[in-house]
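Please keep the structure open while you read.

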Amino acid sequence: MASVVLSEAEKVYIVHGIQEDLRVDGRGCEDYRCIEVETDVVSNTSGSARVKLGHTDILVGVKAEMGTPKLENPNEGYLEFFVDCSANATPEFEGRGGEELATEIVNTLYRIFSNESTIDVKSLCINPREHCWVLYVDVLLLECGGNLFDAISIAVKAALFNTRIPKVRVLEDEEGSKEIELSDDPFDCIRLNVDNVPCIITLSKIGCRHVVDATLQEEACSLASLLLSVTSRGTLTCMKKLGNGSLDPESIFEMMETGKRVGKTLHTSLQKILDKEESLGTTRQKVGFLG
Amino acid sequence: SPHFPPLENPGVRALQRQVACEPHRVTPVCWQMRGSRSKALHDRALVNCQYSMATFSTGERKRRPHGDRKSSEMTLHLKQTFEAAILTQLYPRSQIDIYVQILQADGGNYCACVNAATLATIDAGIPMRDYVCASSAGFIEDTPLADLNYVEEAAGGPQVALALLPKSDQIALLEMNSRLHEDHLEQVIEAASKACKDVYAVLDQVVRDHVHEVTTLLGE
């Protein structure tokens, strides 16, 4: 992971500030940096989103392709995740350097989405046992500025919200062979319900307090973090401890409460932005990569 | 050893507006420049490139972003092009990394990379002999076409990729696919050269505007 070198004095400065609920950039312990979300930025995809959280820049593209359902779930479609750490983020990611981080992120995403209430995968089925929609969710890390998991989960939720899957009809002829017909109207499509898609909130323990949305510098001062997956209703679906340090059970319960609180607010703001983009429709001015 | 200015914002986002047919088609490319001191040559700088395509950049999903044959070939071409253009003798025992990331592909990938990399090199303050401007060209229905898009490339006709140093009219890279009668070659190269010069005009204007803005903000 991209890391920054801090002197002892800088670390002490950051830690002491956080004890007083004052971070280096003036935020409180439970404040996020300014988040920019934009959907539909890549035209070759079924859905896409770009999220900029401070210096962290994530681009997610979702491609819907026809595939065969998995043997254990013949009536469902499925999601496949892939993470690419671009060398632009840090030269350490050149070649196969980013694979470790990518695997960690992919595994976390699979864990979050393994819950059957997250996405209605039954709606992705076309012909049981024969055809289904496979959603390939590809995450591209353009820049690392701390708090990767949060930004990635926001981008994945936004991209899934933006995904438009073409409507298909199954035609069966007398011999019983099935044919799949794509709708003539390119705007005829099904959308996904992302109300139950959780967002990841990472809480980093610094000193005796914990902070939300740590920058690279704050992550360097933190020995342990708790990664929580929170739905819009405040339900915790997944929890993971990161880092070399240890956490005592008291702190874990406190962090869980903070995570749930912050998570609900994050979901409300995100949904507001997504609905606003949706309501503007084609009149929306796209910033894309010029901003 | 040379000192490279610290990069607060290491990503330089350069957009290429494809000249000719449809000026609103854009192939966005992001990349980064930095200097480091690992295993370099004694008399000049090492230019290290990586060409990577996002898996969702093409119409059909790409399974590997980089490391496959096509990407390795592009990486090598970029390296050769920029080793020719950058004044590497000024930075012995150093390494210059150029990482190009294709976010959306609609034809002319290599050319967009070269143009973006030129702008980023200039932004990084690394001295070059000249701008390197690239454009593709093809020959369809007895007409030379400049800057082919994906549909035109997929049609299977001859394609020429040309990287040019516009002031001296020197060719840094010339590549051709498929079959083209030699009588037509000159027209096609002519079309590509003209497109390169048009791109040069745009890039030059962008650089001048940016420098003007920066110096005004610095109050000089």
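**Notes on the two chains**

1. Let's start with chain B, where UniProt, in an unreviewed entry, lists "domain: Exoribonuclease phosphorolytic" for residues 43-127 and 130-195. UniProt positions are given in the numbering used here, feature names are shortened, and annotations may be inferred rather than shown by experiment. A word on the basis of these notes: this is a predicted model, in which local features need pLDDT of at least 70 and side-chain atom pairs count only at pLDDT 80 or more, while totals for chains, interfaces and linings use all residues. Residues are numbered from 1 along each chain as its sequence is written, chains are lettered from A and ligands numbered from 1 in the order in which they are written, and side-chain values use heavy atoms, with hydrogens and water left out.

2. The two annotated stretches of chain B can be described by their secondary structure. Residues 43-127 are 39% helix and 19% strand, with end C-alpha atoms 16 Å apart. For residues 130-195 the figures are 29% helix and 41% strand, and the end C-alpha atoms lie 17 Å apart. Helices (H or I, at least four residues) and strands (E, at least two) are DSSP runs, numbered from the N terminus.

3. Chain B as a whole contains four helices and eight strands. Followed along the sequence, they come in the pattern β-β-β-α-β-α-β-β-α-β-β-α. Of the 220 residues in chain B, 51% are buried; buried means under 20% relative accessible area, exposed over 50%, and partly exposed in between (1.4 Å probe, protein chains only).

4. Contact here means heavy atoms within 4.5 Å. The accessible surface of chain B is about 11,100 Å², and carbon and sulfur atoms hold 52% of that surface. These areas come from the Shrake-Rupley method with a 1.4 Å probe; for residues, only the protein chains shown count as cover.

5. Lys79(B) is a residue to look at in helix H1 (residues 69-85) of chain B. Its relative accessible area is 25%, so Lys79(B) is partly exposed. Setting aside residues up to four places away in sequence, Lys79(B) touches Leu46(B), Val47(B) and Cys49(B). Gly219(B) is 140 residues from Lys79(B) along the chain, and their C-alpha atoms are separated by 37 Å.

6. Turning to chain A, the UniProt annotation "domain: Exoribonuclease phosphorolytic" (unreviewed entry) covers residues 32-166 and 196-261. Residues 32-166 are 22% helix and 38% strand, and the end C-alpha atoms lie 36 Å apart. Residues 196-261 are 29% helix and 39% strand, with end C-alpha atoms 16 Å apart.

7. Chain A has five helices and 14 strands. Its radius of gyration is 21 Å, close to the 19 Å that the globule rule gives for 291 residues, so chain A is as compact as a globular protein of that length. The radius is taken over C-alpha atoms, and the globule rule is 2.2 Å times the number of residues to the power 0.38. Buried residues make up 52% of chain A.

8. Is Gly146(A) buried or exposed? With a relative accessible area of 3%, Gly146(A) is buried. Gly146(A) sits in the loop between strand S6 (131-143) and helix H3 (148-162). Beyond its neighbours within four places in sequence, Gly146(A) is in contact with Arg33(A), Thr56(A), Ala214(A), Thr215(A), Leu216(A) and Glu219(A).

9. His210(A) is in strand S12 (residues 209-212), and Ser225(A) is in strand S13 (residues 224-230). His210(A) counts as buried at 14% relative accessibility, and Ser225(A) counts as buried at 12%. Neighbours within four places in sequence aside, the contacts of His210(A) include Leu203(A), Ser204(A) and Glu254(A).
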